Amino acid sequence: MSSINRSQIESRQTSSSKLVFCHFMIGVVSDRTSSADFDADMQRAKSLGIDAFALNIGTDSYTDTQLGYAYESAANNDMSVFISFDFNWWDPASDAAAVGAKIAQYAGLPAQLHVDVDGTSYVFASSFAGDGLDITTLRSTASGDGFPDVYFAPNFHPGVGDLSVIDGALNWLAWENDGDNKAPQGGVVVTVTEGDQEYDSALSTSQGYIAPASAWFSTHFGPEVTYSKNWVFPSDLLWYMRWLEILELQPPYVEIITWNDYGESHYIGPLSSPHTDDGSSKWVNDMPHDGWLDMAKPFISAYKAGASSPNSYITSDEIIYWYRITPKDLDCDSTDTTMVAANNDTGNYFEGRPDGYDTLADDVFVVPLLTAAGTITVNTGAMEYTIDAPAGASAFSVPFEVGAQSFTLARNGAEVMSATSLKVIQDTCPCGIYNFNAYVGTVPEGTRDVLGADGLTLLTNGLKVACDPTPSLPATPPASTAATATSSATAAPTSPAV
């Protein structure tokens, strides 16, 4: 990891403890009917050590209804929430007063997140984008409505927005990129750590930095919707590597991207969390990410304790694994939904395989969380790998093969636990499309997690082949394939090391 001024980051601490947020999309939960519909999300997040949901809002007719439910549920479950204004919908040129009024509208509710700055309690708020917003008007409006103390930490960008007028800033770019919101290309690679450094240089010591952490990014909307976009960022072992960076950086705040943005595949929340379908069910159905929640828990505990390793916070054995379900060179051109032109005003639409697909590896990624050293065996389509895993957290990757995926932990020659994934790696196009989402599983197996009916309504929209809009993971795992070849795997490179 490149050098960064850790003491300067730590001096920006603006509350009595480090805080972990998770970005929550209100725009996909319009069909929730009471605060109880938010309870499972609040309880699950709190159990992991997440302190607050950043409630991403647009200007929809249902926004206030759902915000009311979310604030009530958070209060009932001892969680905090705050508003994150999405400037895809709000206008930084004209909506400063409306933003200030919306902050004030919810600032007095029990679940509103406050942070302490020099003995004064500040109402916390943030954004996605919004450079150019008139912060003076925002503050005067909120003050006129009875809330003069607002801690505004938006997603302003160094060199674009005026960072001197805000209290802190969120860095959204949690993935390696080319400096222009796409996967690295042409030899241009901007790491997430370099983004940390850019904000470190742009913010003063009195301003708080919200460091991003994300597990994945893949989106594949075609012309069947008005928001066509089709690209990936390098992800692979990102979730593990980024948390190691967080432990070294120790920023005052971390924001996980996201809980429930299924459209960009970086959801860590359950599929079963009630939500409407924006068309992403084509690549989200049967693709749970719950294991990433499990992986994050000891890292969150370590971060809050100021520790450099999660190992002391691992209390039981678990293997978290993930992989894409098809080889990246599989040809789906004849049936994919993005093989025709679509509106590309954003520059985010590409025909065929998602832009950046070649930055991803055809690997199975394995993160053992172990109370003692053990031997991990990975059988991927009859190719068997053995891994000498140390006590604590470690990470490995092995080339995947088509077929069943099985995992075993043994110690002293005796099996401790094993499981075969419910999802095979296949050499056919799922629902006819290029699906670059990840399937995440655990050993021992977790609770079955499937999309509800509301999350499947648009699955067939635009498809060129028949595909049943229902969950289809089997009740029992497929039979594993006897190994026909064996090899050993070494630990993935880590920076910094655990």
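**Note on cysteines and aromatic rings in a predicted model**

1. In this predicted model, Cys22 counts as buried, because its relative accessibility is 0%, below the 20% cut-off.

2. The structure contains 2 disulfides. One of them joins Cys332 to Cys429, with an S to S distance of 2.1 Å. Cys332 lies in the loop between strand E12 (318-323) and strand E13 (363-370), and Cys429 in the loop between strand E19 (414-420) and strand E20 (439-443), so this bond ties together parts that are 97 residues apart in sequence. The torsion about the S-S bond is about -100 degrees, and the disulfide of Cys332 and Cys429 is therefore left-handed. Cys332 is buried, at a relative accessible area of 1%.

3. A disulfide is also formed by Cys431 and Cys467, whose sulfur atoms are 1.9 Å apart. Cys431 is in the loop between E19 and E20, whereas Cys467 is in the loop between E20 and strand E21 (485-489), so the pair connects parts 36 residues apart in sequence. Cys431 is buried, with a relative accessible area of 17%.

4. Across the whole structure, 32 aromatic pairs are found. Among them, Phe124 and Tyr253 are edge-to-face, at 5.6 Å centre to centre and with 70 degrees between the planes. Phe124 belongs to strand E5 (residues 120-128) and Tyr253 to strand E11 (residues 253-256), so the pair ties together parts that are 129 residues apart in sequence. Both Phe124 and Tyr253 are buried.

5. The charged end of Lys182 is over the ring of Trp231, 4.9 Å from its centre, and that of Lys18 is over the ring of Tyr303, 5.9 Å from its centre.

Definitions and conventions. Residues numbered from 1 in each chain as written. Predicted model: local features only at pLDDT ≥ 70, side-chain atom pairs only at ≥ 80, totals over all residues. Heavy atoms only, no water. Phe/Tyr/Trp six-rings, centres within 6.5 Å; stacked < 30°, edge-to-face > 60°. Helix = DSSP H or I, 4+ residues; strand = E, 2+ residues; numbered from the N terminus. Buried < 20%, exposed > 50% of the residue type's maximum accessible area, 1.4 Å probe, protein only. Lys NZ or Arg CZ within 6 Å of the ring centre and 35° of its normal. Disulfide = S-S within 2.5 Å.
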